[in-house]
Amino acid sequence: MDNALFVGLSRQITLRRELDITANNLANVDTTGFKVESLMEKVDPAAPARTLDAPNPVKFVLGDGVARDYGQGALRRTNAPLDLAIEGQGFFAITTAEGERYTRDGRFRLDDAGKLVTQSGQAVHGDGGGDIVIDPQKGQVLIAQDGTISQGIERVGKIGVVRFDNLSVLEKSGDNLLKNTANAQPTPAPDVAVRQGMLESSNVKSVVEVTKLIEVSRAYESITRMMESEAELSRRSIERMGRVQ
Amino acid sequence: MQALRTAATGMAAQQLNVEVISNNIANMNTVGFKRQRAEFQDLLYQTLVTPGAQSSDQGTVVPTGVQIGAGVKAGSTYRITTQGSMTRTDNNLDLAIDGRGFFQVTMPSGETAYTRAGNLALNDQGQLATEDGYLVEPAITIPAGVTAISISKSGQVQVSQAGQTAPQIVGQLELATFVNEAGLEAIGGNLLKESGSSGAATTGVPGTTGIGTLLQGYTEASNVDPVSEITALIVAQRAYEMNSKVISTADQMLSVTSQLKS
């Protein structure tokens, strides 16, 4: 008879998780290259296609997975020569101490040896592996749409942009980096454009997220009210049964 | 409730953002100032279900997993070292650097600091110094009684004296360059200090490969663009507000829960 309370509890848990995810989206509304996430929910056990005469099992709601929207974020101009944005589906490959990571955050800079690195000092992969070294003495750095880096008339390297056939193998590992969790090997991305002096904004749509906040809090209130009336119902029935005796 | 802490990281990050933006706007008219930008990164993720984990012994895998992020953190403040515009002052000791490079300044402690602010002056001994009186390296002394000082694009300092026809060379200015200019550490007073990430200073004569040229009678304005700063301020304010909405929503949900048992 406590089923209604447990069904309510399963909904409360998913709503809290949804709020956590929305909170993370809104905290990263201004984080370069951030990709918005949302919770996918499912009914468990799944509803049958047709109602049978037999009683249906009680259904609970479960958080099924996190959907990550890899859609393009808006590009904004910064004019910093080592700010890069990817237009299209692809990632920059980064060498970290824990192995190769991928990012859409193109806020690069040079380290003390002239190596192109991320803001945490991790080296950016060149096309076909290897680091990219730029000597600022040689003049202005120009990065073409295909990632070719040149200074004056000299070609100094090319930034590698890779893609995955299946984006769900990627897992966020913090610091704007994504980790490849499977053995899927990235391939060079063919149809992307690297934009110099631009950055890709986070693709969080604040209106959608704030609407979700309202939705979550209202749903939480109503499910709590349902649980309240269920508790009230059992309290009353116990009272009444006590009176009958 | 994770959401409360997550939103708090968002508010703290936007607060830092506003601090950086306000410093940029405050230094809009500071000679040689380079604007800064607060950079954010997402924080750690708590993985509840690993994507790619086996969901049965038939080899099926979880397609997306459940990962919940813990918010945002400030990665660094990055100095954008683009050229500022040239302001004409007609003061013959005002120097602007067109291109890369920094003036070298000897601090009272004996250390060398670097600056793009070329509004120089003479001290009581006729030595070339910054507006704070710190000597410019290499030291240049202007003799008393000169009628004109001219500084060439390549940093040669010449003076004309009364009664002499040919100008006299009194010194040669040098500029320092760094592999990673953005890695210099700001120490206030328009001065920057060498750091572990900037690389060592390379000095040279202005106008040689990779080093900018000097412009006498001009100063370099700050590269702060008021329009983009104000836009960034609006974005920061709205982001702050939205994060506070998350906190009030989480609070409301908690209060609903606590009223459940009445």
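**Helix crossing between the chains**

I started where α1(A) passes α2(B), and the crossing is left-handed (the near helix is turned anticlockwise from the far one by less than a right angle; clockwise would be right-handed). Helices here are DSSP runs of H or I with at least four residues, strands are E runs of at least two, and both are numbered from the N terminus. The model is predicted: local features need pLDDT of at least 70 and side-chain atom pairs 80 or more, while totals for chains, interfaces and linings use all residues. Residues count from 1 along each chain as written, with chains lettered from A and ligands numbered from 1 in written order.

I looked up the geometry next: α1(A) packs on α2 (residues 226-259) of chain B at about 165 degrees, axes 9 Å apart. Axes are lines fitted to C-alpha atoms, for helices over the stretch in contact, with angles from 0 to 180 degrees between N-to-C directions. That angle makes the pair roughly antiparallel (the term applies over 145 degrees).

Then I listed who touches whom, contact being C-beta atoms, placed from the backbone, within 7 Å. From α1(A) I have A:Leu19, A:Thr22, A:Ala23, A:Leu26 and A:Ala27; α2(B) brings B:Met242, B:Asn243, B:Val246, B:Thr249, B:Ala250 and B:Met253.

Zooming out, I find 53 residues of chain A in contact with 60 of chain B. The chain A side divides into 20 nonpolar, 19 polar and 14 charged.

Terms used:
Two residues are in contact if their C-beta atoms, placed from the backbone, lie within 7 Å. Ala, Val, Leu, Ile, Met, Phe, Trp, Tyr, Cys and Pro count as nonpolar, Asp, Glu, Lys and Arg as charged, and the others, Gly among them, as polar. Angles under 35 degrees count as roughly parallel, over 145 as roughly antiparallel, 65 to 115 as roughly perpendicular and the rest as oblique.
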